Amino acid sequence: MPRIDADAIADAWDEDDPRGPRGRPEPSAAARAARGRAATARVVALDRGRATVVAEDAPGVPFPARYGGALRGARVAVGDRVRVSGDRDRGAARLVERLPRATVLRRTADDLDHRERVVAANVDRVAVVVGADNLAAGLRFADRAIVAAVDGGLRVLLVVTKADLVDAPDGPTAADLAAALAPYEGAVDEVLPTSVVTGAGLDELRARIASGWTVLTGHSGVGKSSLVNAVVPEADRAVGDVGARGGRHTTVAARALPLPGGGTLVDTPGVRSLGLGMLDRAGLARCFPELADLRCALDDCRHAGEPGCGLPDAVLPPARRAAFERLAAALEGRGEEDDAAPAGPA
């Protein structure tokens, strides 16, 4: 059975901590009208009952805001558009409404848990970070992250860090790297090798994320914080010592960082697993880009051997077909945890 990700649950405390009484009466028409006149803002950080937001009428000037009574018990995430009332200059701003989400990146604690955690909202793309020194674990995580991204309406970049280790002693060969990444060309918008040591690929990455909002996700220890420090020098992220068998979390809460060339980067805590418990087998198939046009005889086909199922005839790389079957088995409680980060410091 997939292991419950206690570390990530702890990281999610801010987003998952409901506050205030539930069951409040519906607001009056006057209250709804007043709320509709409140200023709009984007959430850029969360910290135990208080959000940091940037007003859409004054971008670049963050200020704190507490949950107002109308929003207590609701959950907001980094990237959410909200309405804010009160005097922001005196620290009395309050969140009074969460506006509808256009896109969402969500996950669960494990594959058999259906309680969702929203990682980020209203973002344009996900940059999934994997390390060239541990592609096997990284790409199994990427299989999950691609599903979560497609499910939430997001585009996907696959960013490979530590490309300087290619063809180095004890590192992967260029041929091995190319063979491992080739199956993902039809699943993501782009595969982008990078190195913060040599600078390779960093200009290309900056260009890809220079507009809109991009959320960065990956296992602990893949070099995510080093990558953030390279593209957003003023971010001043702590960089942990990473051993051969894994790394220590160096980002402890999601935070939106403005990029020097434009755009916004949402850095998220490294996780040991990414649960997909919000999906069933049929939903999983819809989130594999290679299976988007799957045609089956039954409208409710689960792609589990039913007559007329289109899956057996689908054309996709063997590695991606195996990924679908592996994730489907995990969602049905038949598989082992398959995306754990390498063992190492917690």
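These notebook entries record what I looked up in a predicted model of a protein chain.

**Ground rules.** I number residues from 1 along each chain as its sequence is written, and I use heavy atoms for side-chain values, with hydrogens and water left out. Because the model is predicted, local features need pLDDT of at least 70 and side-chain atom pairs count only at pLDDT 80 or more, while totals for chains, interfaces and linings use all residues.

**Overall.** I took helices (H or I, at least four residues) and strands (E, at least two) as DSSP runs, numbered from the N terminus. The protein chain has 9 helices and 13 strands. Of its 346 residues, 51% are buried; buried means under 20% relative accessible area, exposed over 50%, and partly exposed in between (1.4 Å probe, protein chains only). I also looked up contacts (heavy atoms within 4.5 Å). Among those with a separation of 6 or more, 67% join residues 24 or more positions apart.

**Helix α4.** I found 13 of the 17 residues of α4 buried, so the helix is largely enclosed by the rest of the structure. G153 follows α4 and has a positive phi, near 85°.

**Nonpolar cores.** I defined a nonpolar core as a set of buried Ala, Val, Leu, Ile, Met, Phe, Trp, Tyr and Cys residues joined through side-chain atoms within 4.5 Å. The largest has 56 residues, and L158, L276, L284 and L291 have the most contacts inside it. Elements that each supply at least two residues of this core include β7, β8 (125-131), β9 (155-161) and α9 (318-331). The most comes from α4, with 9 residues. Another core, of 18 residues, lies apart from it, with L216, V228, L257 and L259 among its members. I then listed the contacts of L276, leaving aside neighbours within four places in sequence: T108, D110, D111, R144, V147, A148, L284, L327 and L331.

**Helix α7.** I noted that α7 (residues 224-231) is mostly covered, with 6 of its 8 residues buried. These are K224, S225, L227, V228, N229 and V231. Their cover includes α6 (202-208), β11, β12 (255-258) and β13 (264-267).

**Cavities.** I searched a 1 Å grid over the protein atoms alone; a cavity is a set of points where a 1.4 Å probe fits but cannot get out, and lining residues have an atom within 4 Å of a point. Grid points are joined across faces, edges and corners, and a volume is the space filled by probe spheres set on the points. There are 5 cavities of 30 Å³ or more.

N122, in the loop between β7 and β8, has phi near 60°. I found N122 buried, at a relative accessible area of 11%. D170, in the loop between β9 and α5, has phi near 70°. D170 is exposed, with a relative accessible area of 88%.

Key: 1 Å grid on protein atoms, 1.4 Å probe; cavity = no way out; pocket = protein on both sides within 12 Å on 5 of 7 lines; lining within 4 Å.
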